[in-house]
Amino acid sequence: MSAMSTKTVSDRVTDLLTPFAERQGLEVVATDVCGPQGKPIVRVYLDREGGVDLDAIVSANKWISQALEEYSPVEGAYVLEVSSPGIDRPLRRLKDFVRYSGSRAVLKTAAPVEGRRRFSGVIARVEGDTIVIDSEGTEYRVPHGDITKANLKADIHFGDE
């Protein structure tokens, strides 16, 4: 079985759009393809140093639509949503975990790791392909390949707290 055949539609969309985004000074943070088979939703999260504004999103919508139409990683009709990653930024690549070491995150795994499938805490560090997350003083070593979903968890403070 080739590596290409194991890639999800979302992986193929990310691979397709990444070089286009880089030429625009943007980063493809994550893509999701979800929803009904007849008309899936293709979500593309973009970012750049200093964040993305509405003009960047509108411009990106055009070249993303063109790339998806030309290279067809998604079969049939779809709904395209382009946005910034927001405050609960998805974490996908090892470099995302390195970049956000010291930040709060929530991770979910496909199979239990140390008896758990959900971890919430501070990303302590990355060791090889393992994410070390500190959850209330206990460090858990979560293999990157076992993570099915991970997001930053924003600390929001209101007023003079």
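**The β6–β7 hairpin and its chain**

Biologist: In the hairpin of β6 and β7, which residue takes a positive phi?

Modeller: In this predicted model, the hairpin of β6 and β7 has two residues between the strands. A positive phi, near 55°, is found there at E136.

Biologist: How many bridges join strand β6 to strand β7, and how do the two strands run?

Modeller: Strand β6 covers residues 130-135 and strand β7 covers residues 138-143. The two run antiparallel, and the bridges that join them number six.

Biologist: Which residue in β7 stands opposite T130?

Modeller: T130 belongs to strand β6, which spans residues 130-135. Its counterpart in β7 is P143.

Biologist: What pattern does the chain follow along the sequence?

Modeller: The secondary structure comes to three helices and eight strands. Read along the sequence, these elements give the pattern α-β-β-α-β-α-β-β-β-β-β.

Biologist: What share of the contacts with a separation of 6 or more comes from residues 24 or more positions apart?

Modeller: The C-alpha atoms of the chain fill a box of roughly 50 × 50 × 30 Å along the principal axes. Of the 161 residues, 35% are buried. Among contacts with a separation of 6 or more, the share from residues 24 or more positions apart is 52%.

Biologist: How far apart do the centres of the positive and negative side chains lie?

Modeller: The chain exposes about 9,600 Å², of which carbon and sulfur atoms supply 49%. It has 21 positive and 25 negative side chains. The distance between the centres of these two sets is 3 Å.

Note on methods:
Residues numbered from 1 in each chain as written. Predicted model: local features only at pLDDT ≥ 70, side-chain atom pairs only at ≥ 80, totals over all residues. Heavy atoms only, no water. Helix = DSSP H or I, 4+ residues; strand = E, 2+ residues; numbered from the N terminus. Buried < 20%, exposed > 50% of the residue type's maximum accessible area, 1.4 Å probe, protein only. Contact = heavy atoms within 4.5 Å. Areas by Shrake-Rupley, 256 points an atom, 1.4 Å probe, with all protein chains shown as cover. Lys, Arg positive; Asp, Glu negative; His and termini not counted. Charge placed at Lys NZ, Arg CZ, Asp CG, Glu CD. Pairing = 2+ DSSP bridges.
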